[in-house]
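Let us walk through a protein fold step by step. Keep the sequence and the 3D view side by side.

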Amino acid sequence: MATATGKMAAASSPSVFMVAVNGQIESGQFPGFDDLYCKFCFVYGQDWVPAAGLEEGISQIASRSDVAPTSFVWNFPIDITFKSTNPAGWPQIVVSVYGPDFFGSDVVRGYGAVHIPFTPGRHKRTIAMFVPESTSKLQKFTSWFTGRRPEFTDPKVVARGEGREVTRVRSQGFVTISFNIVTKDMKKLGYDVSPSDMQNPSLVPDTERIRGRMEMFQ
């Protein structure tokens with residue numbers, strides 16, 4: 001009897017918690033540009049493991065309209081589930097926006113990153129984007145003439161601090177992302193996140209669908 005009770009206690013005490021992320025990269029504001037597309041990837045700590053979904057993706061090309069000449073609408077879906085034993089290294093999403101230059105070559109139009117929201121519910125984040133700058137006028141002219149603009153070899157560096165202090169950047173554009181967040185077993189492991197928006201009826205279809213997917217990993 002004691003053995004059975006111990007097994008039941010072990011089964012009811014989870015060793016990991018889960019965070020399901022669902023949403024979309026809605027739109028961007030980039031005055032003076034056209035025909036832009038975006039890429040995304042996730043950066044997370046060593047204790048985090050993707051359990052389902054896509055870690056990276058690339059959107060369709062969006063063109064500006066006469067009604068909103070500075071807005072680009074992608075509505076590109078995000079769908080991923082993480083599991084972890086430690087909230088340290090909470091996932092960040094890194095967004096890179098690209099478009100053609102004068103010569104028709106794809107160049108970066110903005111980098112940005114933001115942490116996945118900590119609390120369950122629906123959230124919206126606007127990321128201030130930036131681009132790397134050449135350190136001299138000669139380098140600026142050379143990069144423009146050759147079509148090789150400054151850019152990061154690995155966009156994930158945007159979410160990390162190493163080496164950023166020596167990088168010259170310039171603000172350029174904004175990207176808006178919507179998130180639907182569902183967490184599982186965080187409170188059982190001692191991490192209290194208050195679901196401030198879970199009473200909103202509009203959240204029920206999204207959160208219930210994500211919860212159903214998370215139950216598959218039990």
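Is Phe17 buried or exposed? Phe17 is buried, at a relative accessible area of 0%. Here buried means under 20% relative accessible area, exposed over 50%, and partly exposed in between (1.4 Å probe, protein chains only).

A note on the model. It is predicted: local features need pLDDT of at least 70, side-chain atom pairs count only at pLDDT 80 or more, and totals for chains, interfaces and linings use all residues. Residues are numbered from 1 along each chain as its sequence is written, and side-chain values use heavy atoms, leaving out hydrogens and water.

Now the overall plan. The protein has three helices and nine strands. These are DSSP runs numbered from the N terminus (helices: H or I, at least four residues; strands: E, at least two). Of the 218 residues, 40% are buried.

Next, the aromatic rings. Rings of Phe, Tyr and Trp (its six-membered ring) pair if their centres lie within 6.5 Å; planes under 30 degrees apart are stacked, over 60 edge-to-face, and the rest tilted. By this rule there are twelve aromatic pairs. One of them joins Phe17 and Trp48 edge-to-face, with 5.5 Å centre to centre and 80° between the planes. This pair links distant parts of the chain: Phe17 is in strand β1 (residues 17-29) and Trp48 in strand β3 (residues 48-53), 31 residues apart. Trp48 is buried too, at 3% relative accessibility.

Trp48 also pairs edge-to-face with Phe82, at 6.1 Å centre to centre and 80° between the planes. Phe82 sits in strand β5 (residues 71-84), 34 residues from Trp48. Phe82 is buried, at 1%. One aromatic cluster includes Phe17, Trp48 and Phe82.
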